[in-house]
Amino acid sequence: PRAVHYDHTGDRIFVADGGNNKIVVFSPKGDFISEFGHMELRNPCGIVVSESFCYVTDMILNVICKFELSMFRLLSVSRHNELREPKGIALDSSADELYVVDKNKGNKIWVYNTELIFERVFDTQMLNSPRDVKVSSDNIFVLDSSELCLHWFTKKGVKLQSIIQQPGMIESPYFFSLTRDGNFLLGGQWDSFLKVFSPRG
């Protein structure tokens, strides 16, 4: 699995299965519900779910795919060849904007509207190797896998803080989540455990 996301109700867990080119949906107890994307996806890497839609980045097709949730039907894709190896994706529901980690143009964060039209580049001051991104009401959080750092910025791009994890804790940071109590849950590509960080590290 490359990424995991709950729906807005917390009743379904969406898993991006890059090895099998699909999205798998489970209950919070781990019961299988459904799967989709076999025909449309080549290597799903990032996923975020709104009330009505599921947005998936594909590292081989180099696009964002938008699925509707009632029938898991593909509605649209972003412009081809605009992205290059898109990875993590996050939704700012207050502004109807998607933040996408991409290797194009210096490993920056690309911002799209929810109709998958490119709007602007979010300047993260040239991060080395951003891998995942999350959005809160006030801030943008970016995981830099090569620097083993979690950075956060204001929505205007001002860097606020960084957490540098201790060597050996996560070999290859791959994804993270924000917990309800304000901590960070970090997972590695080759690790079989998750690490919890507070904002103080």
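**Ground rules**

I am working with a predicted model, so I take local features only at pLDDT of at least 70 and side-chain atom pairs only at pLDDT 80 or more, while totals for chains, interfaces and linings use all residues. Residues are numbered from 1 along each chain as its sequence is written, and side-chain values use heavy atoms, with hydrogens and water left out.

**Entry 1: cores**

I looked up the nonpolar cores first. I count as a core a set of buried Ala, Val, Leu, Ile, Met, Phe, Trp, Tyr and Cys residues joined through side-chain atoms within 4.5 Å. Buried means under 20% relative accessible area, exposed over 50%, and partly exposed in between, with a 1.4 Å probe and protein chains only.

The largest core holds 16 residues. Those with the most contacts inside it are F14, I23, F36, I47, C54, V56 and F67. Two or more residues each come from β2 (13-17), β3 (22-26), β5 (44-49), β6 (53-58) and β7 (63-68). I take strands as DSSP runs of E, at least two residues long, and helices as runs of H or I, at least four, numbered from the N terminus. The largest share, three residues, is from β7.

In soluble globular proteins, nonpolar side chains tend to be buried together.

**Entry 2: around I23**

What does I23 touch, beyond its neighbours within four places in sequence? I found contacts (heavy atoms within 4.5 Å) with F14, V15, A16, S34, E35, F36, L41, P44, I47 and V56.

**Entry 3: strand β10**

I then turned to β10, residues 97-101. Five of its five residues are buried. E97, Y99 and V101 point one way, and L98 and V100 point the other way.

Which strands pair with β10? Pairing needs at least two bridges found by DSSP between the strands. Strand β9 (residues 89-92) pairs with β10 in the antiparallel sense over four bridges. Strand β11 (residues 109-113) also pairs with β10 in the antiparallel sense, over five bridges.

The hairpin of β9 and β10 has four residues between the strands. There, D96 takes a positive phi near 55 degrees.

**Entry 4: salt bridges**

How many salt bridges does the structure hold? I get eight, each a side-chain nitrogen of Lys or Arg within 4 Å of a carboxyl oxygen of Asp or Glu.

R12 and D7 meet at 3.1 Å, N to O.

E35 and K22 form a salt bridge with their closest N and O atoms 3.0 Å apart. This pair links distant parts of the chain, 13 residues apart: E35 sits in strand β4 (residues 32-36) and K22 in strand β3. K22 is buried at 16%, and E35 is partly exposed at 31%. E35 had already come up among the contacts of I23.

R120 and E119 meet at 3.8 Å, N to O. Both are partly exposed, R120 at 30% and E119 at 39%. I also noted a network of salt bridges linking E97, E119 and R120. E97 is one of the buried residues of β10.
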